[in-house]
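Here is a protein to explore, one feature at a time. Have the sequence and the 3D view open, and look up the residues as they come up.

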Amino acid sequence: MDKFNSIIDFGAKNLRLGVFNNKSEIVYSSTIKIDGSSEDKNSEKSLNKLIRDAEKFLSTHLDDVNILYDTSDFSILDLSIKKSFDQPTIVKKYYNSLLEEANFIISENNFKNQVLHIIVNNVIVDDENRLEILQEDLKASSLILELKFICLNKSLIYEISSIFKKNNLNISNIYCSSYVKTFFYKKMLEIKNNFIFLDIGYERTSALIFNDNKFDSFNSINLGGNSITKDISKIL
């Protein structure tokens, strides 16, 4: 088992590695440009150098990594799921099982995609009471969860996993980079109401919209900083 927690931001132009100890303190970080282009062979070569340099510095092997990844191929699914009770029941006991049931429904009926994030936008009890905090002893006759799922195509996940396997690395989890970044900036800027997070990458731009502090929508296009630079160069 690794004594370190490794996170790689797998971009189209750069690979960024952060290694943390069991106290969540950063012990190593590095960035490397992807050689030539973002084709698999170039990503694999750059990843190999990134990992070997880290292992040499840390004097240990890195086996498991978490991946931050962005692409215009992410999809968003909405689902509302309800559980009714014969009599007032402590709903907190059924919260996680209802989440698991919703995840199962999406996974079973969305064959091409894999769920990366499950976002609970609203918790509703007794059909009309929206809760900000689900209390431990709260009883109700029904529980509704309004959910959003961020998904990624399984074939793309397989391609990414293959690159890492060739470097003897196992992917523990894959996360949507833009979605994860929103939490950092939201906390740092102390944003509590409506806002739009615009993430302009090398080859894509993502927009995440929050309304009333709830995740509303996510869209991404194949147009990034590289395209803007090329257009300016043509004009000049």
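## The inside

Which residues have the most contacts inside the largest nonpolar core? They are Ile 8, Leu 47, Ile 67, Tyr 69, Phe 164 and Phe 215, in a core of 39 residues. A nonpolar core here is a set of buried Ala, Val, Leu, Ile, Met, Phe, Trp, Tyr and Cys residues joined through side-chain atoms within 4.5 Å. Buried means under 20% relative accessible area, exposed means over 50%, and partly exposed is in between (1.4 Å probe, protein chains only). In soluble globular proteins, nonpolar side chains tend to be buried together.

Take Leu 47 as an example. Leaving aside neighbours within four places in sequence, Leu 47 is in contact (heavy atoms within 4.5 Å) with Ile 8, Leu 15, Ile 163, Phe 164, Asn 167 and Leu 169. Apart from the largest core lies another core, of 19 residues, including Ile 81, Leu 98, Ala 102 and Val 125.

## What you are looking at

This is a predicted model, where local features need pLDDT of at least 70 and side-chain atom pairs count only at pLDDT 80 or more, while totals for chains, interfaces and linings use all residues. Residues are numbered from 1 along each chain as its sequence is written, and side-chain values use heavy atoms, with hydrogens and water left out.

The protein has five helices and 12 strands. Those are DSSP runs numbered from the N terminus: helices are H or I with at least four residues, strands are E with at least two. The C-alpha trace spans about 65 × 50 × 40 Å along its principal axes. Of the 236 residues, 41% are buried. Now look at contacts between residues at least 6 apart in sequence: 60% of them join residues at least 24 apart.

## Rings that pair up

A pair of aromatic rings is described by the distance of the centres and the angle of the planes. Rings of Phe, Tyr and Trp (its six-membered ring) pair if their centres lie within 6.5 Å; planes under 30 degrees apart count as stacked, over 60 as edge-to-face and the rest as tilted. That rule gives 11 aromatic pairs. In one of them, the ring centres of Phe 10 and Phe 164 are 5.6 Å apart and the planes are at 55°, so this pair is tilted. Phe 10 sits in strand β1 (residues 5-10) and Phe 164 in helix α3 (residues 154-165), so the pair ties together parts 154 residues apart in sequence. Both Phe 10 and Phe 164 are buried.

Phe 195 and Phe 210 make a stacked pair, 4.7 Å centre to centre with 5° between the planes. Phe 195 is in strand β10 and Phe 210 in strand β11 (residues 205-211), 15 residues apart.

Asp 70 is in the loop between β4 (64-69) and β5 (75-90), and Arg 204 is in the loop between β10 and β11, 134 residues apart. Asp 70 counts as buried because its relative accessibility is 12%, and Arg 204 is buried at 12% too.

Now try Asp 127 and Lys 82, whose closest N and O atoms are 2.9 Å apart in another salt bridge. Asp 127 lies in the loop between β6 (113-125) and β7 (129-131) and Lys 82 in strand β5, so this pair ties together parts 45 residues apart in sequence. Asp 127 is partly exposed at 49% relative accessibility, and Lys 82 is partly exposed at 45%.

Leu 198, Ile 200, Ile 228, Ile 232 and Leu 236 make a nonpolar surface patch of about 550 Å². Patches are made of residues with over 30% relative accessible area and no salt bridge, with like charges joined within 9 Å and nonpolar side chains (Val, Leu, Ile, Met, Phe, Trp, Tyr) within 5 Å. Accessible areas come from the Shrake-Rupley method with a 1.4 Å probe, and for residues only the protein chains shown count as cover.

β10 (195-200) and α5 (225-235) each supply at least two residues of the patch. Ile 228 is in helix α5 and counts as partly exposed because its relative accessibility is 42%.

How values were computed
A salt bridge is a side-chain nitrogen of Lys or Arg within 4 Å of a carboxyl oxygen of Asp or Glu.
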